[in-house]
Amino acid sequence: MSKSVIVVGAGAWGGWTAFHLQKAGFQVTLVEKEGPGNVLSGSGGKTRIIRMAYGGSQVYTDLTAQSFNLWEAYSKEWNDPLYHEKGALWMFRGVKPTYAELSIPLMKEKGFNLDALDLKNLSVRYPEINLKDITSAYWEPKVAYLEASRACGVIADKFKEAGGQYLKAEVEGINYQEDNISGLTFKDGTVIQADEYVFACGPWLTKLVPEMKGLIHISRQEVYYFDALDQYSDLPIWLEFREGDQMYYGIPDHFGQGFKFAYDERRWSLDPDQDDRGIRDGILAKMRGILVNRFPSLKDSAVLKHHTCVYENSLDGDFIIDKLPKAQNGLVLAGSSGHGYKMGPAIGKLVTDHLTNQKAIPSEFLLQRFEKSSARKSQYEV
Ligand SMILES: Cc1cc2nc3c(=O)[nH]c(=O)nc-3n(C[C@H](O)[C@H](O)[C@H](O)COP(=O)(O)OP(=O)(O)OC[C@H]3O[C@@H](n4cnc5c(N)ncnc54)[C@H](O)[C@@H]3O)c2cc1C
């Protein structure tokens, strides 16, 4: 008889993992407390970017290349456009473009391009963008945006159609017996059991697995949609690196719902259950300054919509995929660190291969790396 697995959490990581496990013949139960890609979760919101440039990192280049293929393939197979190719402009201000330059050879090996741009030509091509303080720029043609929340719902539906069991319930506790998990307890006291357990709980993980507390911090990520529908609708996705290891990005034509702009700073913390998710005026003022410097005509644009999302960051910005500290039959998928959505399909495959053939998990993701300690705070540090 096939092995049973319970996956907790139906965000991008848990949903794709349940989907691939079900396809591989496991008996899978996907447990979710709110809903796939719900607005409070890390996968909530309208869009996420998928891009191949990953500095010199082979492991993320491999996972992203595989994910590109899977997003494209499933969008076609399901005849559902979850993947929208747009291309992206990478801009660097006051920092060497080492991240881009290191990406180029690894991307080439996978058949992807990242091309250096001439700044003079660029300012002719995009007069709406202030390029005076930009020191270098690159064009990545295959960057796309993915329909974030919606895709999580679609994947959960495909999982159910394939025979997977979906339960809307909150897991309140993990029951251990010696060095194994013997079951999960729901809020109403019901216990469910399986051979294997996968925890993809995003920012709520440490409630179930308190041992992980020192390894994860949750940050507040405000996303704004500015009123700028017409004048920027031809612009591609853009990403800007600045001195101080900061990154900002936007999707100018966002389903006709405004000019999406967000930051990648992780300095503001957030309790996913307790904290107010309204706009913080201080953060908005800072972000508006950065945006208006780059797109001066947005000076007086109103914020049409706003969403406060969460990053679940590991200490070093790398993912955590490993056995639970206290259980042989439990895997934890955590530390998606603000860049994990795109890789959901490949993470799901990785977990499935691991549970099917004991395929090794890349050492970059194992917990033992923290024994050596690391101070890296962002995926962009090279
Ligand atoms: C503003 C913003 C922009 C981002 N941009 C990008 C981007 O452009 N590209 C990219 O690749 N990534 C991006 N990311 C990161 C990416 O979205 C996340 O890394 C990814 O979505 C995390 O997915 P997850 O499945 O690990 O967690 P989540 O999506 O948080 O899912 C966890 C799920 O578990 C459920 N759950 C938790 N505890 C329990 C429990 N006890 N019982 C039952 N259910 C439970 C929750 O309800 C939730 O649905 C961005 C993130 C944010 C916030």
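User: What makes two strands a pair?
Analyst: Two strands pair if DSSP finds at least two bridges between them. Strands (E, at least two residues) and helices (H or I, at least four) are DSSP runs, numbered from the N terminus. Six bridges join β5 to strand β15 (residues 237-242), so β5 and β15 pair by that definition. They run parallel. In β15, Arg242 is the bridge partner of Arg93.

User: What kind of model is this?
Analyst: It is a predicted model: local features need pLDDT of at least 70, side-chain atom pairs count only at pLDDT 80 or more, and totals for chains, interfaces and linings use all residues. Residues are numbered from 1 along each chain as its sequence is written, and side-chain values use heavy atoms, with hydrogens and water left out.

User: In which sense do β5 and β7 pair?
Analyst: Antiparallel, over five bridges, with β7 spanning residues 136-140. Ser136 in β7 is the bridge partner of Phe92.

User: Why is β5 called largely enclosed?
Analyst: Buried means under 20% relative accessible area (exposed is over 50%, partly exposed in between; 1.4 Å probe, protein chains only). Six of the six residues of β5 (residues 88-93) are buried, so the rest of the structure largely encloses this strand. Ala88, Trp90 and Phe92 cover one side, and Leu89, Met91 and Arg93 the other.

User: How do you know that α2 and α8 are roughly perpendicular?
Analyst: Helix α2 (residues 58-77) and helix α8 (residues 344-357) pack at about 105°. Angles of 65 to 115 degrees count as roughly perpendicular, under 35 as roughly parallel, over 145 as roughly antiparallel, and the rest as oblique. Therefore α2 and α8 are roughly perpendicular.

Notes:
Axes are lines fitted to C-alpha atoms, for helices over the stretch in contact, and angles run from 0 to 180 degrees between N-to-C directions.
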